Amino acid sequence: MMGEEHRQFSAIEGLESLTDEVNRRGLSDPLTKLVPDLSGLDPDDAFGSVPYEKGHSLLFYLEQLVGGAEKFNPCLKAWIDKYKYQTADSQDFKGFFEEYFHKSVDAKVLASIDWKAWFDSPGMPPVELKYDDTLTKACTALKDKWCSTSDKDCSCFTGKDVVDFSAAQKINFLAQLLHEEPFCVEKLHAIDRAYDFSGSLNAEIKFRWLRLCIRGKWEDMIPQAVAFAVEYQRMKFCRPIFRDLYAWNRSKDLAVEAYKLHKDTMAYVTATQLAKDLNLA
C-alpha cells in the first residue's frame with residue numbers, strides 16, 4: 001500500500017525483532033526453529049516473533065528466488081484458495097510451492113532450497129537476506145551521530161532532526177539505539193528535549209523509548225514504564241518492559257508489585273508468561 005521501499009523497510013524492522021528474540025533465547029534454543037517440536041512443552045512458551053519474522057524471511061527468500069513479488073504473490077493466493085477452511089502444515093506448503101513452480105522455475109533453483117535448514121535449524125535464517133535500506137539510512141546516520149557525540153555536548157540536536165521522519169523511521173531510530181550500549185541519563189534527557197518521545201502517543205515509539213530509559217537507569221521514568229506495561233498488555237509490549245524493570249534492582253520490586261496488582265486484568269497467557277519472566281512461577 002505504501003510502496004516497495006516501505007515494505008522492505010518494515011521487513012528490516014521485523015528482522016531486527018527476530019534478532020533480538022534469538023539473542024535473548026540463545027542461538028541453539030529449539031524454540032527458535034521455524035517448525036519447533038512442542039512435545040512435552042507448554043505451547044505458550046514458544047510465543048514470540050520467530051513464527052512471524054522467520055516465516056516472513058522464508059517467504060521473502062522464496063519470492064526473490066522465483067523472480068519477485070509479481071510471480072510469487074499469485075502462488076500465495078492459490079495456496080490460500082486451495083487450503084482455506086482446512087488445516088495445512090509446512091510440508092503441505094513445501095509440496096504446493098514445488099508443484100506450483102516446477103514448470104516456470106529452473107529445477108536446479110528449486111533444488112537449491114534447503115528446506116530442512118529453514119524448517120528445523122535453530123537461530124537466525126540460514127540465508128542472509130538483503131533488503132532495500134533507503135529509508136533506514138537517515139535513521140542510522142542520526143543514531144551514529146548521537147553515539148559519537150559527547151554526553152556534555154548535545155546542543156547540536158533539535159526537533160528538526162526528525163521533522164521529516166515518518167513514525168516508522170522514529171521507531172527504527174529508537175530500535176537501533178536499543179542495540180547500542182545504554183545512554184547515560186544526561187544524554188537521554190537531551191534526546192527527550194530534542195524529540196519529546198516521552199510525550200508521544202504512538203505506542204511503538206513510547207515502548208522503545210521507555211526501554212531505553214530503563215536500560216539507561218533513568219529513575220524518574222520508572223513510573224511511566226510501569227504504567228505503560230500494565231496499560232498495554234500485549235505481550236510484545238509488556239513482557240520486554242517488565243523484563244527490563246525486573247533486571248534493574250531499583251525497579252525490580254516495583255515490577256513484581258505491579259504484576260501482582262494487575263495480573264487478574266491480564267489475559268491468561270500474558271499473566272502466566274510474565275510470572276515466568278519475574279520468577280514467580
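Let's start with a pair of helices: α12 and α14 (residues 268–277) pack at an angle of about 20 degrees, and their axes sit 10 Å apart. An angle under 35 degrees counts as roughly parallel, so that is how α12 runs relative to α14. Keep in mind that you're looking at a predicted model.

**The α12 and α14 pair**

- The crossing of these two helices, α12 and α14, is right-handed.
- On the α12 side, the residues that meet α14 are M235, C238, R239, F242, R243 and Y246.
- Across from them, α14 brings V269, T270, Q273, L274 and D277.
- Sorted by class, the residues in the contact of α12 with α14 come to six nonpolar, two polar and three charged.

**The α1 and α2 pair**

- Here the angle is about 135 degrees, and the axes of α1 and α2 are 9 Å apart.
- That angle makes α1 oblique to α2.
- When α1 passes α2, the crossing is left-handed.
- From α1, the contact takes in R7, Q8, A11, G14, L15, L18 and E21.
- From α2, you'll find V50, E53, K54, H56, S57, F60 and E63 in that contact.

**The largest pocket**

- Which helix gives the largest share of the lining? That's α1, with 14 residues.
- Five helices each supply at least two lining residues: α1 (4–25), α2 (50–66), α8 (167–178), α10 (203–215) and α12 (235–247).
- How do the lining residues divide into nonpolar, polar and charged? There are 14 nonpolar, eleven polar and 16 charged ones.

**The chain as a whole**

- Walk along from the N terminus and the elements run α-α-α-α-α-α-α-α-α-α-α-α-α-α.
- Taken along the principal axes, the C-alpha atoms of the chain fill a box of roughly 65 × 45 × 30 Å.

Technical notes:
Residues numbered from 1 in each chain as written. Predicted model: local features only at pLDDT ≥ 70, side-chain atom pairs only at ≥ 80, totals over all residues. Heavy atoms only, no water. Helix = DSSP H or I, 4+ residues; strand = E, 2+ residues; numbered from the N terminus. Nonpolar A, V, L, I, M, F, W, Y, C, P; charged D, E, K, R; others polar. Axes fitted to C-alpha atoms, helices over the stretch in contact; angles between N-to-C directions. Parallel < 35°, antiparallel > 145°, perpendicular 65-115°, else oblique. Left-handed = near helix turned anticlockwise from the far one by under 90°. Contact = heavy atoms within 4.5 Å.
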